[in-house]
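Student: I'd like to learn how to read a few features of a model like this one. Can we go through them together?
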Amino acid sequence: MNFPIIRHRRLRQSAAIRGMVRETVLTVDDFIQPIFVTYGSGVKSEISSMPGVFHFSLDTLEEEVKEIVDLGIPAVLLFGIPETKDSVGTSAFTEDGIVQEATRVIKSRYPDLLVVADTCLCEFTDHGHCGMVHTFERDGHVCGDVMNDESLELLVKTAVSQARAGADIIAPSNMMDGFVQAIRSGLDEAGFSQVPIMSYSVKYASAFYGPFREAADSAPQFGDRKTYQMDPANVREALREAESDVMEGADMLMVKPALAFMDILRLLRDQFDLPLVAYNVSGEYSMVKAAAQQGWINERAIVTEMLVGMKRAGADIIITYFAKDMARWLREKQ
């Protein structure tokens, strides 16, 4: 055999060498743990399609948050399931709303834990859409148009009420045109200019959200969300969406879902210098859990590879229901 010959395997021959030259490393600081909060007392109810994920009432929330803090996870993302719903999602922006109350509980006990508030209306509206809807009948069926600009006013009220309750980061997920600018202006006018916006900049109308709809009780009662969430086939549109949010004052950009859209993560990483968030969504979580329960896959290995892939694609932050599991696995390696 003639030389020189390139011996790539020299740097793979032991775990120590592989670790020393590893290019992408997960740390607990990368993760945000979502939490679902509901009304009632003594509630810790497992979500059937998301094994290991629960609904918590305010009185059982502290145990979950303490575990998150003890694992070193720096942030939680709050979703609320309200006691009542109406056509405009009033419970989303009332001062005693479930997300607002949960925020106060968390910040009173763990002031250093970052609270990210999901800012949307779908969990709080009786029609399940992310904004105000003009409804009408067509051929005997209830139809509706989601009203963009009217919805912005309610989203601003929601964001301001969340910031007033103590939320550290506002995360609007509604995909209305102009939502970042509206919320930024509303927060600034209310005296919350220091509160950053983690924008769901590129949110696709994805089939991967199925289990979340059960968890948040937020399935649309008619139609779908394809008139405001993005077509999964589109790439260039993602750049336009992200660029709009940057111009409107977003502090962080997000791609949701992450697993099927790593090309979009890389695209945004290459085009913009803001922190980039990947949302490892409910369907991605549930598929792994189901396969692991059947013994078909090694859950720890699959989750690690999946999250490393998201970070390698460009994510600085990963929202994932695996955050607690991953934090434990990383601790075991130390």
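Student: Let's start with a loop. Where is the place of Met175?

Tutor: First, a word on the model: it is predicted, so local features need pLDDT of at least 70 and side-chain atom pairs count only at pLDDT 80 or more, while totals for chains, interfaces and linings use all residues. Residues are numbered from 1 along each chain as its sequence is written, and side-chain values use heavy atoms, with hydrogens and water left out. Now, Met175 sits in the loop between β8 (169-172) and α5 (179-189). Helices (H or I, at least four residues) and strands (E, at least two) are DSSP runs, numbered from the N terminus.

Student: What is phi of Met175 near?

Tutor: The general idea is that most residues other than glycine have a negative phi, and most peptide bonds are trans. Met175 has a phi near 65°, a positive value in a residue other than glycine. There is also a cis peptide bond, between Lys256 and Pro257, with omega about -5°. Pro257 belongs to the loop between β10 (252-256) and α8 (262-271).

Student: Back to the methionine: is Met175 buried or exposed?

Tutor: Buried means under 20% relative accessible area, exposed over 50%, and partly exposed in between (1.4 Å probe, protein chains only). Met175 has 3% relative accessibility, so it counts as buried. Thr24, in the loop between α1 (15-21) and β1, is buried too, at 19%.

Student: And which residues does Thr24 touch?

Tutor: Contact means heavy atoms within 4.5 Å. Leaving out residues up to four places away in sequence, Thr24 touches Val308, Lys311 and Arg312.

Student: Now helices. At what angle do the axes of α3 and α4 cross?

Tutor: Two packed helices are described by the angle between their axes and the distance between the axes. Axes are lines fitted to C-alpha atoms, for helices over the stretch in contact, and angles run from 0 to 180 degrees between N-to-C directions. Here α3 (residues 98-109) and α4 (residues 148-165) have axes that come within 8 Å and cross at roughly 20°. The contact is made by Val99, Gln100, Thr103 and Arg104 of α3, with Thr158, Ser161, Gln162 and Ala165 on the α4 side.

Student: What about α2 and α11: which residues make their contact?

Tutor: The axes of α2 (residues 58-70) and α11 (residues 323-333) come within 10 Å and cross at roughly 35°. From α2 come Glu64, Glu67, Ile68 and Asp70, and from α11 Lys324, Arg328 and Arg331.

Student: Last one: how many aromatic pairs are there?

Tutor: Rings of Phe, Tyr and Trp (its six-membered ring) pair if their centres lie within 6.5 Å; planes under 30 degrees apart count as stacked, over 60 as edge-to-face and the rest as tilted. By this rule the count comes to eight aromatic pairs. One of them is Phe36 with Phe79: their ring centres are 5.5 Å apart and their planes at 25°, so this pair is stacked. Phe36 lies in strand β1 (residues 31-38) and Phe79 in strand β4 (residues 75-81), so the pair ties together parts that are 43 residues apart in sequence. Phe36 is buried at 0%, as is Phe79 at 2%. Phe54 and Phe56 make a tilted pair, 6.1 Å centre to centre with 50° between the planes.
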